[in-house]
Amino acid sequence: MKDQKIVIIDYDAGNIQSVKYAFERLGVFPIVSNQEEEIRTADKVIFPGVGEASWAMNSLRKNGLHMVIPSLKQPVLGICLGMQLMCESSEEGDSSAMGIFPAHVRRFSKDRKVPHMGWNQLTNLKGGLFKGISEKAFAYFVHSYYVPMTGESVANCDYIQTFSAALQKDNFYACQFHPEKSGEVGNQILKNFLNL
C-alpha cells in the first residue's frame, strides 16, 4: 500500500491539502499534479473538488484533463464536486461534465436548508470501498447538489430525498461525502481504496 504512486489531480478546484494530509496520516505521500504523464503513470488517482461545477469543468478543459480522466485505467476516486463532474451534466451552471457515470446532478429543493452540511448516515453499502464499514456509519457532507440514485450507486444517504452517497463503475469510484473529513470511517474508506 505504502509504495504506491498516488496522484491527486490539481485543477484549482480542490480541497487538496486536506486530502493530501488524510493520506499522509495513513503513511502514504501523494504527488499533487495536473500533468497528464504524471497522472497516467499513477497506481491510483484522486480527483477531489470544491467549488462551482461549470467553473471547475472550464478549469479541467484548459489543460485537457476533461479528456484524460475518463480515459484512465487505474482506480480513480472522485470526491464531492469530483464525483459530480464524473457524471454527464450538472444543473449547477447548466454544465456538461465528463460522462463517466450515466447520471445528471440535480439541485436540492429549496424547501430545506441547503447546503446539506454535516454528519449523515451511509446506507445500502456495496463493494470494496466499504469493506469493514458498518451499515448506517456516519460520514461528513457539504453539498447543495446531488446525484440521484442510479445503477452505479454503491451507498445511499437521505437528505430531502434518498441520493447517491457513492458511485462505482469499472475502475471509477466516487464519494459525495468527504472521506478526508469523516474520521475513522473516512480513513477506512481511503485504506480500502488504496487496497483495491
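Colleague: In β13, which residue is the bridge partner of Ala166?

Modeller: This is a predicted model: local features need pLDDT of at least 70, side-chain atom pairs count only at pLDDT 80 or more, and totals for chains, interfaces and linings use all residues. Residues are numbered from 1 along each chain as its sequence is written, and side-chain values use heavy atoms, without hydrogens and water. β12 and β13 (residues 172-175) pair in the antiparallel sense over four bridges (pairing needs at least two DSSP bridges between two strands). In β13, the partner of Ala166 is Cys175.

Colleague: Which residue takes a positive phi in the hairpin of β12 and β13?

Modeller: Two residues sit between these strands. The positive phi, near 55°, belongs to Asp170.

Colleague: In β12, which residue is the bridge partner of Cys157?

Modeller: β11 (residues 153-159) and β12 (residues 161-169) pair in the antiparallel sense over six bridges. Their hairpin has one residue between the strands, Ile160, with a positive phi near 70°. Across the pair, Cys157 is bridged to Phe163.

Colleague: How many strands does the protein chain have?

Modeller: Helices (DSSP H or I, at least four residues) and strands (E, at least two) are DSSP runs numbered from the N terminus. The chain has six helices. Its strands number 13.

Colleague: Is Gln84 buried or exposed?

Modeller: Gln84 lies in helix α5 (residues 81-85). Its contacts (heavy atoms within 4.5 Å) beyond four places in sequence include His143, Tyr145, Tyr146 and Gln176. Buried means under 20% relative accessible area, exposed over 50%, and partly exposed in between, with a 1.4 Å probe and protein chains only. At 4% relative accessible area, Gln84 is therefore buried.

Colleague: What percentage of the 196 residues count as buried?

Modeller: Among contacts between residues at least 6 apart in sequence, 69% join residues at least 24 apart. The buried part of the 196 residues is 54%.

Colleague: How far apart lie the centres of the positive and negative side chains?

Modeller: Lys and Arg count as positive, Asp and Glu as negative; His and the chain ends are not counted. Charges are placed at NZ of Lys, CZ of Arg, CG of Asp or CD of Glu. There are 20 positive and 20 negative side chains, and the centres of the two sets are separated by 4 Å.
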